[in-house]
Amino acid sequence: MIAKRTSLFGKLALGAAALAVSSTALSAATIVIQNVNAPGVGFNDPTPVEPVGGNLGTTMGAQRLNAFQAAANIWGATLTSDVVITVVASFEPQGCTATSATLGSAGAVAIFRDFPNATFPNAWHSSALANKLTGTDVDPVNGDIRARFNANLGTPGCLEGRPFYLGLDNNHGNAIDLISVLLHEFGHGLGFQTFTNGVSGAQRMGIPSVWDFFMFDNTANKLWVEMTNAERAASAINGRKLAWNGASVTAAVPQLLIGGTPMLTISAPANLAAQLAVGGAGFGPQLSESGVTGEVAQVVDAANGIGLACTPLSAANATAVKGKIALLDRGGTCLFPVKVKNAQDAGAIGVIVADNVPGTPAPNLAGVDPTVNIPSVRITLADATTLKTALRTRSRTSSGIIAALGVNAAIRIGADPFGRALLFTPNPFQGGSSVSHFDTLGFPNLLMEPNINADLPQKVSAPQDLTFQLLQDTGW
Amino acid sequence: MATSRRYPIGCTLGLILGGLACQALAEPPVAAPSNNNGIMTFPNVRVTHAPPAAIEQKPAAEAASMQAFVDPITNELRAATAEEAKQLSSADAARTRTAIVANSATHSSTGDEQLIYGPGNTVGMLLTNADMVFQTVHIDADGNLIQECVTGEDAAAHAAHAHTQQESNNDR
């Protein structure tokens with residue numbers, strides 16, 4: 001597979017190297033924030049406010065504008081372009097309820113193909129990237145990025161009491177850090193997005209996006225640009241199998257993503273041997289490379305042969321799991337730590353929780369209990385079904401199925417076995433989150449995961465982040 | 001409101017110092033005069049003020065001159081028929097250039113893409129709200145703020161109200 005792609009990989013590597021030299025020599029771009037709010041609202045809101053977190057604005061509008069500028073400045077200092085990048089920006093009312101809200105939206109105003117110096121011919125590029133590559137503004141009429149953010153956030157009926165944190169110092173506590181949100185959204189507007197439909201696999205007007213030349217499916221062994229519509233649609237839900245095959249990102253992955261991907265390794269019987277992707281637990285000990293190895297024992301305490309373990313295990317179940325790895329089922333009225341603690345109290349050395357709804361990848365097990373001292377993981381319903389089928393032939397005290405809960409140190413968390421960053425491809429498809437983000441498994445957390453995490457460092461480039469490296473691969 | 005200071009593109013000092021990354025050399029933000037509501041200036045950013053009227057009242061004819069039709073059957077670029085041109089003009093009269101970008105109703109795969117022609121063989125397409133990336137937030141069962149990034153206005157509306165997909169400590 002690798003050898004077949006030497007030519008393309010080589011071209012990409014040379015391109016990335018040239019870009020790296022270029023960005024070192026002349027790394028800056030000017031971003032214009034075009035304030036399109038009417039007087040008295042949005043960026044022009046005259047409501048007096050106290051300066052916060054290094055934001056010296058004395059009105060709500062001024063603080064919003066300063067935060068926008070601060071985020072744009074981070075991108076401007078990182079990108080290289082001789083053409084200004086225009087962000088048409090406003091604060092205006094957006095959808096809200098008391099407990100939810102649209103924070104804002106952003107994206108490229110237009111996409112372009114077949115311009116001089118395009119990264120790939122006959123492929124869609126974002127407006128700002130097309131400008132950078134041509135050295136001219138290919139569309140002087142329209143801006144490059146449109147950004148609208150919620151002017152009502154934090155007011156009655158709109159997530160009241162939870163406004164944007166407008167400080168510039170990332171000291172947002174439990175509030176919503178506007179700069180982190182803006183960095184993420186500007187990233188999409190700059191080109192962190194495929195314009196190919198992830199549900200149908202259809203390319204926009206039959207033309208691929210520049211992204212499609214870098215998305216590589218480890219099951220199909222193809223790039224998206226090489227696939228049929230049906231293959232792309234399948235790839236978009238091929239959990240943790242779609243990787244970004246760009247030289248710049250792959251070179252930066254070791255600087256950022258830590259080694260050690262959580263795995264459930266089945267070593268016996270031979271016909272079941274596999275390494276299964278798992279969701280980790282927010283409680284109990286961290287999975288280690290040495291891991292916990294033992295025989296798998298199934299708990300059965302409810303109808304249909306499932307084991308909820310919401311109450312202390314029966315004598316028969318306790319006998320079955322003692323000194324073994326207990327297989328339990330999600331569901332019932334108790335939280336995950338309760339299940340694991342009950343297995344622990346019965347002498348289990350680890351726990352596998354079988355999901356009860358279809359979908360990949362298996363989510364983490366949430367919860368808190370400092371008294372849990374055995375490791376636990378969640379597996380998908382599909383993997384659990386396979387495991388339970390094999391367990392039908394078990395005796396009361398032995399299953400013959402040997403498993404290890406641990407991490408594969410050779411695979412960086414959020415990357416594939418070849419060191420390529422994974423993209424977000426859950427099954428079922430998540431409307432709009434899928435594909436055009438990094439996988440949520442990545443650690444440390446990445447700016448361009450679909451969920452913006454509270455611990456982001458307000459950085460866009462390695463060694464703290466991979467967003468700029470991905471844009472570099474596309475031609476930035 | 002608008003600031004007028006300009007900063008040169010490039011990083012001369014970085015070149016002089018032999019390859020130091022400009023990001024490390026970025027000038028710190030400074031406060032503008034106090035009579036400007038504390039609006040700050042940043043080395044790689046300029047602010048302009050364009051009230052909505054300035055960008056949302058362009059003549060429809062100007063907009064139409066930048067547009068073309070894609071045949072809904074063949075997916076090929078072609079001239080609009082008189083009826084199609086009339087429909088487009090009518091639609092343009094009801095929305096602004098910016099609103100075209102924002103109006104998801106104008107985007108579909110049925111051939112009403114708004115195309116732009118640039119130098120040489122350059123072809124562009126204006127995007128719509130169906131392509132915009134929305135950031136949503138909701139409070140989960142544990143009281144935590146959960147942010148989610150989705151593409152398209154419909155997906156955003158769904159994400160802001162679909163809480164069941166999120167993990168929380170109350171998940172079971």
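Buried residues make up 44% of the 172 residues in chain B. This is a predicted model, and every value here is computed from it. Chain B contains 7 helices and 9 strands. Consider its contacts with a separation of 6 or more: 45% of them involve residues 24 or more positions apart.

Now pick one residue of chain B. T122(B) sits in the loop between strand 6 (114–117) and strand 7 (123–126) of chain B. Is T122(B) buried or exposed? Its relative accessibility is 1%, so T122(B) counts as buried. The cut-off for buried is under 20%. Which residues does T122(B) touch, leaving aside its neighbours within four places in sequence? In chain A, the contacts are F112(A), R113(A), D114(A), F115(A) and P116(A). In chain B, they are I116(B) and Y117(B).

Start with strand 1 of chain A, residues 31–35. This strand is mostly covered, with 5 of its 5 residues buried. In a regular strand the side chains alternate between the two faces of the sheet. Here, I31(A), I33(A) and N35(A) lie on one side, while V32(A) and Q34(A) lie on the other. Both faces are covered, and these residues are all buried.

Which strands pair with strand 1 of chain A? One partner belongs to chain B: strand 3 (residues 45–49) runs parallel to strand 1 of chain A and is joined to it by 5 bridges. There, N35(A) stands opposite H49(B). Another partner is strand 2 (residues 85–92) of chain A, which pairs with strand 1 in the parallel sense, also over 5 bridges. Along this pairing, Q34(A) has V88(A) as its bridge partner.

Next come the helices of chain A. Helix 2 covers residues 60–78, which is 19 residues. From first C-alpha to last, helix 2 reaches 28 Å, close to the 27 Å expected at 1.5 Å a residue. Of the 19 residues in helix 2 of chain A, 18 are buried, so this helix is largely enclosed by the rest of the structure.

Two other helices of chain A meet each other. The axes of helix 6 (residues 247–256) and helix 10 (residues 467–474) come within 7 Å and cross at roughly 155°. How are they oriented? Angles over 145 degrees count as roughly antiparallel, and helix 6 and helix 10 of chain A are therefore roughly antiparallel to each other. Helix 6 brings A247(A), S248(A), V249(A) and A252(A) to the contact. Helix 10 brings Q469(A), L470(A), Q472(A) and D473(A). These contact residues divide into 4 nonpolar, 3 polar and 1 charged.

Finally, look at the backbone in some loops of chain A. Most residues other than glycine have a negative phi, and most peptide bonds are trans. Some places here depart from that pattern. The peptide bond from T360(A) to P361(A) is cis, with omega near -10°. P361(A) lies in the loop between strand 16 (350–354) and strand 17 (376–379) of chain A. The bond from N427(A) to P428(A) is cis as well, with omega near 10°.

P428(A) is in the loop between strand 18 (402–412) and helix 10 of chain A. Q458(A) also lies in the loop between strand 18 and helix 10 of chain A. Q458(A) is not a glycine, yet has a positive phi of about 60°. At 11% relative accessibility, Q458(A) counts as buried. N170(A) has a positive phi too, of about 65°, and is not a glycine either. N170(A) sits in the loop between strand 7 (164–165) and strand 8 (176–177) of chain A. At 23% relative accessibility, N170(A) counts as partly exposed.

Terms used
Residues are numbered from 1 along each chain as its sequence is written. Chains are lettered from A and ligands numbered from 1 in the order in which they are written. This is a predicted model: local features need pLDDT of at least 70, side-chain atom pairs count only at pLDDT 80 or more; totals for chains, interfaces and linings use all residues. Side-chain values use heavy atoms; hydrogens and water are left out. Axes are lines fitted to C-alpha atoms, for helices over the stretch in contact, and angles run from 0 to 180 degrees between N-to-C directions. Helices (H or I, at least four residues) and strands (E, at least two) are DSSP runs, numbered from the N terminus. Angles under 35 degrees count as roughly parallel, over 145 as roughly antiparallel, 65 to 115 as roughly perpendicular and the rest as oblique. Contact means heavy atoms within 4.5 Å. Ala, Val, Leu, Ile, Met, Phe, Trp, Tyr, Cys and Pro count as nonpolar, Asp, Glu, Lys and Arg as charged, and the others, Gly among them, as polar. The expected span of a helix is 1.5 Å times one less than its number of residues. Buried means under 20% relative accessible area, exposed over 50%, partly exposed in between (1.4 Å probe, protein chains only). Two strands pair if DSSP finds at least two bridges between them.
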